[in-house]
Amino acid sequence: MSEDPILKREPIFQGRVIDVAIETIAMPADRQVQLEIVRHPGGAAVVALDEQDRVCLLRQWRHAAGGWLWELPAGKIDPGESPLGTATRELSEEAGLRAADWTDLGRMHSSPGVFTEVIHLWMARGLSHQGHAHEQDEMIEIHWLPLAQALDWCNDAEITDAKTLVGLYRAGGLIKSALEILPEDPGC
């Protein structure tokens with residue numbers, strides 16, 4: 001579809017981060033439907049791995065989730081900021097880390113039935129420590145876990161945050177693929 005499918009937009013709420021509206025859209029086959037849509041600027045999340053393949057996970061208090069969640073360092077894209085710029089800023093602010101090497105892990109839609117948010121996922125290596133700068137509304141603990149243990153936590157439902165699940169699975173798959181294509185050591 002090259003044309004704008006929005007035929008009518010009725011704003012309901014405009015906040016600091018989101019705006020909500022009822023949108024009448026044109027669908028394929030000449031159908032029209034009304035949808036409640038939450039518009040969000042998008043975000044970025046980082047799978048930060050040290051030399052021992054330990055991943056930086058945040059244990060963060062989330063009111064909307066009813067308690068503590070395990071998450072990757074992540075945040076909202078600010079106006080004029082690139083997804084990598086957001087990832088770099090959030091890794092510094094939330095985890096107190098800087099990375100020398102970045103790998104794009106693609107993007108994900110968090111809840112495409114109602115939410116326009118797209119989260120860009122990155123893997124960061126070559127880490128160095130610096131001070132973190134948590135925001136006033138954040139309660140964050142910084143933890144380091146072996147990537148294999150974090151993946152087990154994904155499978156055991158200890159980790160339930162979608163961006164964290166997708167980021168960890170993609171990073172794990174990328175690392176596994178890289179190990180499978182390494183040349184064999186002729187001295188073995």
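Let me start with a term: a polar contact is a pair of N or O atoms within 3.5 Å, where within protein one atom must be able to donate a hydrogen and the other to accept it, and residues adjacent in sequence count only if both atoms are side-chain atoms. With that in hand, look at D161, whose side chain is joined to that of T164 by a polar contact of 2.6 Å. Another polar contact, of 2.9 Å, joins the side chains of D161 and K163.

Before I go on, a word on what we are looking at. This is a predicted model, in which local features need pLDDT of at least 70, side-chain atom pairs count only at pLDDT 80 or more, and totals for chains, interfaces and linings use all residues. Residues are numbered from 1 along each chain as its sequence is written, and side-chain values use heavy atoms, with hydrogens and water left out.

Now the overall picture. The protein chain has three helices and ten strands; these are DSSP runs numbered from the N terminus, with helices being H or I of at least four residues and strands being E of at least two. Reading along the sequence gives β-β-β-β-β-β-β-α-β-β-β-α-α. The C-alpha trace spans about 65 × 45 × 35 Å along its principal axes. Of the 188 residues, 38% count as buried, and by that I mean under 20% relative accessible area, with exposed being over 50% and partly exposed in between, using a 1.4 Å probe on protein chains only. Contact, when I use the word alone, means heavy atoms within 4.5 Å. Among contacts with a separation of 6 or more, 58% are between residues 24 or more positions apart.

Back to D161 for a moment. Is D161 buried or exposed? It is buried, because its relative accessible area is 14%. D161 sits in the loop between α2 and α3, and beyond its neighbours within four places in sequence it is in contact with W70 and E71.

A nonpolar core is a set of buried Ala, Val, Leu, Ile, Met, Phe, Trp, Tyr and Cys residues joined through side-chain atoms within 4.5 Å. The largest one here has 24 residues, and V47, L49, V55, L57, L72, I159 and L168 are those with the most contacts inside it. At least two residues each come from β4 (43–48), β5 (54–62), β8 (97–109), β9 (118–129), α2 (147–155) and α3 (162–180). Helix α2 gives the largest share, five residues. There is also a second, separate core of 14 residues, including V46, A87, L91 and A124.

Next, the pockets. On a 1 Å grid over the protein atoms alone, a pocket is an open set of points where a 1.4 Å probe fits, with protein on both sides within 12 Å along at least five of seven lines; lining residues have an atom within 4 Å of a point. The largest pocket holds about 1,000 Å³ of space, a volume being the space filled by probe spheres set on the points, which are joined across faces, edges and corners. Its lining has 32 residues, and H40, Q60, R62, G75 and K76 are the closest to its centre.

Which strand holds R62? R62 is in strand β5. With 31% relative accessibility, R62 counts as partly exposed. R62 and E138 are 76 residues apart in sequence, yet their C-alpha atoms are 8.6 Å apart in space.

The second largest pocket has a volume of about 160 Å³. Strand β3 (residues 31–39) gives the largest share of its lining, three residues.

One last stop: the loop between β2 (19–27) and β3, where we find A29. Most residues other than glycine have a negative phi. A29, though not a glycine, has a positive phi of about 65°, and D30, in that loop between β2 and β3, has a positive phi near 55°. A29 counts as exposed at 70% relative accessibility, and D30 counts as exposed at 79%.
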